[in-house]
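I opened a new notebook page for a structure I had not looked at before. These are my entries, in the order I looked things up.

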Amino acid sequence: MWKLVRFAASSLRPSRRFSTEIPGPSIVHKRGADILHDPWFNKDTGFPLTERDRLGLRGLLPPRVVSFEQQYARFMESYRSLEKNTQGQPHGSVSLAKWRILNRLHDRNETLYYRVLIDNIKDFAPVIYTPTVGLVCQNYSGLFRRPRGMYFSAKDKGEMMSMIYNWPGQQVDMIVLTDGSRILGLGDLGVQGIGIPIGKLDMYVAAAGFNPQRVLPVMLDVGTNNQRLLEDRLYLGLRRPRLEGEEYLSIVDEFMEAVFTRWPKAIVQFEDFQMKWAFETLQRYRKKFCMFNDDIQGTAGVALAGLLGTVRAQGLPLSDFVKQKIVVVGAGSAGLGVLSTAIQAAARLAGINETTAKKQFFLLDKDGLVTKERKNLDPAAAPFAKDPGEIDGLREGATLIEVVRKIKPHVLLGLSGVGGVFNEEVLKAMRESDSTKPAIFAMSNPTMNAECTAAEAFKHAGDNIVFASGSPFENVDLGNGKIGYVNQANNMYLFPGIRHITAEVGAAVVRAAVAEELAEGHGDVGPRELKHMSKSPRQLRGPNSSGGDVTFADFRNKNFGDKSVEANPSVGGDSSDEGDNPNNDDASDLGNTSDDVHTRVRLDGGDLQPSSPSRATKELMLLLPRLKPSISSVSLAAALFKEEEDEEFFQ
């Protein structure tokens, strides 16, 4: 994986990169106190005297000019002081204190906020994202100080088309949407679930290179069935039970129509919807709009990558994946998404049908092993229910320990949301696995809902395991100089739809995947077409519709003009016009670029360039280009987890 990231990064030649010494200009329409109250343009005491005069700021700030670097150092000193002063205090209180200090910076100075986040992604990702984000959502009404994102509610029916134009940003590339019905493993948190879209989009900006002015967190408030919230005097959402049925779907329909009317090329990520609506909305919108469900598809992608990596860690070829016996605990949207994707991958790798591939997979929910004998079998789980004739010695509803002892699985994967379900007895039973290096994936979030901890897994299941978790755990000291490595199997490592990483990055990733025979075509696009698609812009010759050289983005946009290209024309295939305009690909204008401007203001720390991969990319491998439908998620998952030499991954 890291080898692939390095390959892609080394192939880049950024056309422009600003530094704090020579910052790039940004156009601003505001003056005076309005600038100081806008976190995108505000530099606090960093405005030089010339800018204070031009922007009407003289007298509104203390006289001393404090540089961007000094502000950065001062914030980090405050943060480290907070860490030092809160040692020994309850973990939850400390986590919220860290979140507050970062959130205050976010509200005041976004340029400094994202610079701090990018440079310290390893330290701050657990604060703005999993696991702290769950605690933030539980307490969001009390923590609320300043609105962020947009809120659409059941009361807004019939008004959403006009409401969407209230958002000040002229362009939006990425939207994360939730209805708050199933936040992590915490259940229905209503409007307080907005913390999830905010946290995820911060990760998109810091690690995927999105322009922070072109992302939008959205809460779709259709009520809540959480009685505690309905009785909470501080609760900020609708005080009514959730809408159901066609009433619910009509609200989502109206929102989707409004979004894609204003921003037809935006990507909408559905996040933390309860299972019935997760599958329903995915099927309803996936062929009409550019959208995906992170719980179903994102979780499946990172889980599959881990499963394929486990096969390699066992010293086996990928073709042996079909022989792996995999027990999945949790029949929610994430668990069923993982099963569906893994079965498809096994069938394709082995060249068999999915019915045959299913035989190696076992699904359990709160009532035990799921079989066709179950009464009131959930339709979504029915395709994965076992035929009693296939499970000699096991019955409908068999417990987890019974299944593990009988099946002796190669992989035990948890997406149950039940903390501690992989107890000592279950973990010890994994010692009898048919694999010499069994895998235990405790993928539920937040930390308290993890099926087991890393320390428990290595203690009871043995040293020679592959362990991965949805929430971060520290590596485990096994004694005798040995380390039990913890691999974080979180969706943030496989966020799809990365739109504003440059076309060169996309070409580099595909090129590496093609070279290592890890990329597959989709539809009418085969390996031959991929070889052409993977070429960098300079390798492709011929004019596009604008008269310039054909680029990788042109292939994605079918921007070939009237003349032929020296590559297989079928590359265009079924590709939808969802990619970036190659003539507007770098999106490096961090501010409004209209001509009717008052003045220009320099943004120190201006090397936050959406057009080039951030340093945080080396921490979080988020170099998945948006290549739909050219590369399957299965292929990219395999590619990303192919090499882990330097990081001693899957030890």
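I began with Pro-446, which I found in the loop between β11 (439–442) and α20 (454–461). I looked there for its peptide bond: the one running from Asn-445 to Pro-446 is cis, with omega near -10°. A reminder to myself that this is a predicted model, and every value here is computed from it.

I then went to Pro-131, in the loop between α7 and α8 (132–138). The bond from Thr-130 to Pro-131 is cis too, and its omega is near 10°. I noted these down because most peptide bonds are trans, and most residues other than glycine have a negative phi.

Asp-272 has a phi near 60°, a positive value in a residue other than glycine. I located Asp-272 in the loop between β5 (267–270) and α14 (275–285). Is Asp-272 buried or exposed? Its relative accessible area is 2%, and buried means under 20%, so Asp-272 is buried.

Asn-376 also has a positive phi, near 55°. Asn-376 sits in the loop between β9 (368–369) and α18 (400–407). Here I got 77% relative accessible area, and the cut-off for exposed is over 50%, so Asn-376 is exposed.

## Glu-271

Glu-271 is buried, with 3% relative accessible area. What does Glu-271 touch, not counting residues up to four places away in sequence? I listed Val-176, Leu-177, Thr-178, Asp-179, Ile-196, Lys-200, Asp-294 and Asp-295. I also checked Glu-271 against Gly-298: they are 27 residues apart along the chain, and their C-alpha atoms are separated by 9.9 Å.

## Aromatic rings

Next I went through the rings. How many aromatic pairs does the count come to? I got 13 aromatic pairs. I picked Tyr-79 and Phe-124, whose ring centres are 4.7 Å apart with the planes at 80°. Over 60 degrees counts as edge-to-face, so that is what I called this pair. The pair links distant parts of the chain, with Tyr-79 in helix α4 (residues 68–85) and Phe-124 in helix α7 (residues 121–128), 45 residues apart. I checked burial for both partners. Tyr-79 counts as buried at 1% relative accessibility, and Phe-124 counts as buried at 0%.

I looked up another aromatic pair, Tyr-204 with Phe-210. The centres are 5.5 Å apart and the planes make 65°, which I wrote down as edge-to-face. Tyr-204 is buried, with a relative accessible area of 0%, and Phe-210 is buried at 1%.

I also found one aromatic cluster formed by Phe-260, Phe-270, Phe-273, Tyr-285 and Phe-289. Then I turned to a charge over a ring: Lys-386 lies over the face of Phe-362, at 4.5 Å from the ring centre.

## Helix α5 and what it meets

Two packed helices are described by the angle between their axes and the distance between the axes, so I looked for both numbers. Helix α5 (residues 91–108) packs against helix α6 (residues 110–119) at an angle of about 135°, and their axes are 6 Å apart. Roughly antiparallel would need an angle over 145 degrees, so I put α5 down as oblique to α6.

Which residues meet there? From α5 I wrote down Leu-102, Leu-105, His-106 and Arg-108, and from α6 Glu-110, Leu-112, Tyr-113, Tyr-114 and Val-116. I sorted the residues of this contact into six nonpolar, one polar and two charged.

I took one more residue from helix α5, Ser-95. Ser-95 counts as buried at 9% relative accessibility. Leaving aside its neighbours within four places in sequence, Ser-95 is in contact with Val-127 and Thr-132.

## The whole chain

Last, I stepped back to the protein chain. Its secondary structure comes to 24 helices and 16 strands. Of its 651 residues, 60% count as buried. I also looked up contacts between residues at least 6 apart in sequence, and 70% of those join residues at least 24 apart.

Key: Residues numbered from 1 in each chain as written. Predicted model: local features only at pLDDT ≥ 70, side-chain atom pairs only at ≥ 80, totals over all residues. Heavy atoms only, no water. Phe/Tyr/Trp six-rings, centres within 6.5 Å; stacked < 30°, edge-to-face > 60°. Helix = DSSP H or I, 4+ residues; strand = E, 2+ residues; numbered from the N terminus. Buried < 20%, exposed > 50% of the residue type's maximum accessible area, 1.4 Å probe, protein only. Lys NZ or Arg CZ within 6 Å of the ring centre and 35° of its normal. Axes fitted to C-alpha atoms, helices over the stretch in contact; angles between N-to-C directions. Parallel < 35°, antiparallel > 145°, perpendicular 65-115°, else oblique. Contact = heavy atoms within 4.5 Å. Nonpolar A, V, L, I, M, F, W, Y, C, P; charged D, E, K, R; others polar.
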